[in-house]
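This note is for a colleague who wishes to go through the model point by point. Please read it with the sequence and the coordinates open.

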Amino acid sequence: MASLADGAFVVLAYPPRDVLVALVDGAPVAIEDACNHAGASLGTGPRDGDVVACPLHKYRFSLRSGELLSPRRACAHQRCFHAVVLGPAVHVYDTFSLDVAHSPLGKAF
Ligand code: FES
């Protein structure tokens, strides 16, 4: 299984959403996995540094901020979450919720 340390994405269930987690410059970042344009999984799209391209229509989003980089104003920005690495697992949470999702122990790294 590919790991965050290898540059791979990890997609965690965070009902009712899925959250895409990546390492950017060694720090975990997290955005909603479903593209807000038409719902494709960004976790299956190609990555270029801190940018992910949607696999369906190639819109590009910042992994750091969820900002839609191109095409401008074609849809909204992606929702962001907080991601924290604790030991061998990564955890994500939303500041507006007490729920936490985490990777299976030892699977992310
Ligand atoms: S579904 Fe992602 S750009 Fe259209």
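The numbered points below go from the overall fold to single residues.

1. Basis of the note. The model is predicted; local features are reported only at pLDDT of at least 70 and side-chain atom pairs only at pLDDT 80 or more, whereas totals for chains, interfaces and linings use all residues. Residue numbers start from 1 along each chain, following the sequence as written.

2. Secondary structure. The protein has 10 strands and 0 helices, so defined that strands (E, at least two residues) and helices (H or I, at least four) are DSSP runs numbered from the N terminus. The order of elements is accordingly β-β-β-β-β-β-β-β-β-β.

3. Overall dimensions. The radius of gyration is 13 Å, which agrees with the value near 13 Å for a compact globule of 109 residues; the radius is taken over C-alpha atoms, and the globule rule is 2.2 Å times the number of residues to the power 0.38. The C-alpha trace spans about 40 × 30 × 20 Å along its principal axes.

4. Of the 109 residues, 31% count as buried. A residue is buried if 20 or more other C-beta atoms lie within 10 Å of its own, exposed if 12 or fewer, and partly exposed in between, with C-beta atoms placed from the backbone. Among contacts with a separation of 6 or more, 33% join residues 24 or more positions apart; a contact requires C-beta atoms, placed from the backbone, within 7 Å.

5. The sheet. Six strands make an open sheet in the order β1-β2-β3-β8-β9-β10, with antiparallel pairing; two strands pair if DSSP finds at least two bridges between them. The edges are β1 and β10 (100-102), each with a single partner strand, so one side of each lacks a neighbour in the sheet. On average, neighbouring strands of this sheet are turned by 30 degrees against each other, direction ignored; the axes are lines fitted to C-alpha atoms, and angles run from 0 to 180 degrees between N-to-C directions.

6. Pairings of β3. Strand β2 (residues 17-24) is joined to strand β3 (residues 27-32) by 6 bridges, and the two run antiparallel. Val 24 is placed opposite Ala 27 of β3. These two strands form a hairpin with 2 residues between them, and Asp 25 in the turn has a positive phi of about 50 degrees. β3 is also joined by 2 bridges to strand β8 (residues 80-86), again antiparallel, and Ala 30 has Phe 81 as its bridge partner in β8.

7. The core. Which residues touch the most other members of the largest nonpolar core? Among its 25 residues they are Leu 12, Val 19, Leu 20, Val 21, Ala 30, Ala 83 and Val 92. At least two residues of this core come from each of β1 (10-14), β2, β3, β8 and β9 (89-93), and β2 gives the most, with 5 residues. A nonpolar core is a set of buried Ala, Val, Leu, Ile, Met, Phe, Trp, Tyr and Cys residues joined through C-beta atoms within 7 Å. Apart from its neighbours within four places in sequence, Ala 83 is in contact with Val 21, Pro 28, Val 29, Ala 30, Val 90 and Val 92.

8. Cis peptide bonds. The bond from Pro 15 to Pro 16 is cis, with omega near 5 degrees; Pro 16 lies in the loop between β1 and β2. Ser 70 and Pro 71 are likewise joined by a cis peptide bond, with omega about -10 degrees, and Pro 71 belongs to the loop between β7 and β8.

9. Positive phi outside glycine. Lys 58, which is not a glycine, has a positive phi of about 70 degrees and sits in the loop between β5 (51-53) and β6 (60-62). Lys 58 counts as exposed, with 11 C-beta neighbours inside 10 Å. Arg 73 also has a positive phi, near 60 degrees, and is found in the loop between β7 (68-70) and β8. Arg 73 is exposed, having 6 other C-beta atoms within 10 Å.

Note on methods:
Contact = placed C-beta atoms within 7 Å.
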